[in-house]
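Subject: Structure for your review

Dear colleague,

Please find below the structure that I am handing over to you. My findings follow it, and I would be grateful if you read them with the model open beside you.

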Amino acid sequence: MKIFIDTANIDMIKEINSWGILDGVTTNPSLIAKEKTDLRTCVKKISEIVDGPISAEAISMDAEAMIKEGKELSSIHPNINIKLPMCTEALKATKVLSSEGIDVNMTLIFSPHQALLASKAGARFVSPFVGRLDDVGQDGSEMLSQIIAVFRNYDIDTEVIAASIRHPMHILEAAMFGADIATIPYDILKKMVTHPKTDEGIKLFLADHERSKK
Ligand code: E4P
């Protein structure tokens, strides 16, 4: 499973990239606003750090404007894909952008039906929001597994990005289902590294090493 970081924070991206495990980055308008930056500047900086897909989200709400915005954003760097919010206008824009070689990441996916339509329109990625579905008392992981099963049935090559990840169990489930990618917030990536038994083991090995020198 590929690992993306879900942030617009440049320092966090640099740090995780230095681990040698980072395959790409997703941003969204909320993440951009949190960093008090603008989308163009931010994705340009990210493209200088990470060699992999970078999602930049369009904010237009009609197909023509989405296409225009998508073309402008994708001209910043070849690794940039255009995030469009799932709706009929986004399907139309996806058809055009994808036929012109511009990758689309259909975002705000909450059902297999939406994912299927996005893939048929030519989206390279779909982003099911697992955590936000859990938030309203539905099963986000179940929705993710259904999308993966449907795509497998028909050999659909649209990549599934497990998004809106809230805890390490979401990542484990995504990997067990066979999601292509998980886009993960910084603090959860940090949690993936550690285990109390690992920390305990390191302490013990170092203490034993010190003792053996005496
Ligand atoms: C996906 O690309 C989105 O940026 C993201 O995962 C949204 O997650 P949230 O529900 O934590 O805002």
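A residue is called buried when its relative accessible area is under 20%, and exposed when that area is over 50%; a residue in between is partly exposed. Please also bear in mind that this is a predicted model.

Thr183 and its surroundings

Thr183 belongs to strand E8, which covers residues 181-184. Its relative accessible area is 2%, and because buried means under 20%, Thr183 is buried. What does the side chain of Thr183 join through a polar contact? The partner is the side chain of Thr26, at 2.5 Å. Setting aside residues up to four places away in sequence, Thr183 touches Phe4, Ile5, Asp6, Thr26, Ile161, Ala162, Ala163 and Ile165.

The largest pocket

The largest pocket has a volume of about 380 Å³. It is lined by 21 residues, and those closest to its centre are Asp6, Thr7, Asn28, Leu31 and Pro185. Asp6 is also one of the residues that Thr183 touches. Helix H2 (29-34) and helix H10 (186-193) each give at least two residues to the lining. Which element supplies the largest share of the lining? That element is H2, with three residues. Sorted by class, the lining holds seven nonpolar, seven polar and seven charged residues.

Ile188 in helix H10

Ile188 is located in helix H10. Its relative accessibility is 3%, so Ile188 counts as buried. Not counting residues up to four places away in sequence, Ile188 touches Ile165, Arg166, His167, Pro168 and Ile171. Ile188 and Ala175 are 13 residues apart along the chain, and their C-alpha atoms are separated by 15 Å.

Helix H4 runs over residues 63-74 and has 12 residues.

The buried residues of H4 are Ala63, Met66, Ile67, Glu69, Gly70, Leu73 and Ser74. In an α-helix there are 3.6 residues a turn, so residues three or four places apart point the same way.

Leu97 lies in helix H5. At 0% relative accessibility, Leu97 counts as buried. Beyond the residues up to four places away in sequence, Leu97 touches Met66, Ile67, Gly70, Lys71, Leu84, Ile102 and Val104. Leu97 and Lys68 are 29 residues apart in sequence, while their C-alpha atoms are 9.4 Å apart in space.

Helix H6 and Ser119

Ser119 has its place in helix H6, residues 112-121. Is Ser119 buried or exposed? With a relative accessible area of 13%, Ser119 is buried. Apart from neighbours within four places in sequence, Ser119 is in contact with Phe151, Ile156 and Thr158.

The other buried residues of H6 include Pro112, Ala115, Ala118 and Ala121. The buried residues of this helix pack against H5, strand E5 (104-109), strand E6 (125-128) and helix H8 (140-153). After H6 comes Gly122, which has a positive phi near 110 degrees.

Most residues other than glycine have a negative phi. Against this background, two residues deserve a second look.

Lys36 is not a glycine, yet its phi is positive, at about 50 degrees. Lys36 sits in the loop between H2 and H3. Its relative accessibility is 76%, so Lys36 counts as exposed.

Leu108 also is a residue other than glycine with a positive phi, near 60 degrees. Leu108 is found in strand E5. With a relative accessible area of 31%, Leu108 is partly exposed.

Yours sincerely,

A colleague

Definitions and conventions
Residues are numbered from 1 along each chain as its sequence is written. This is a predicted model: local features need pLDDT of at least 70, side-chain atom pairs count only at pLDDT 80 or more; totals for chains, interfaces and linings use all residues. Side-chain values use heavy atoms; hydrogens and water are left out. Helices (H or I, at least four residues) and strands (E, at least two) are DSSP runs, numbered from the N terminus. The expected span of a helix is 1.5 Å times one less than its number of residues. Buried means under 20% relative accessible area, exposed over 50%, partly exposed in between (1.4 Å probe, protein chains only). Contact means heavy atoms within 4.5 Å. A polar contact is a pair of N or O atoms within 3.5 Å; within protein, one must be able to donate a hydrogen and the other to accept it, and residues adjacent in sequence count only if both atoms are side-chain atoms. On a 1 Å grid over the protein atoms alone, a cavity is a set of points where a 1.4 Å probe fits but cannot get out, and a pocket is an open set with protein on both sides within 12 Å along at least five of seven lines; lining residues have an atom within 4 Å of a point. Grid points are joined across faces, edges and corners, and a volume is the space filled by probe spheres set on the points. Ala, Val, Leu, Ile, Met, Phe, Trp, Tyr, Cys and Pro count as nonpolar, Asp, Glu, Lys and Arg as charged, and the others, Gly among them, as polar.
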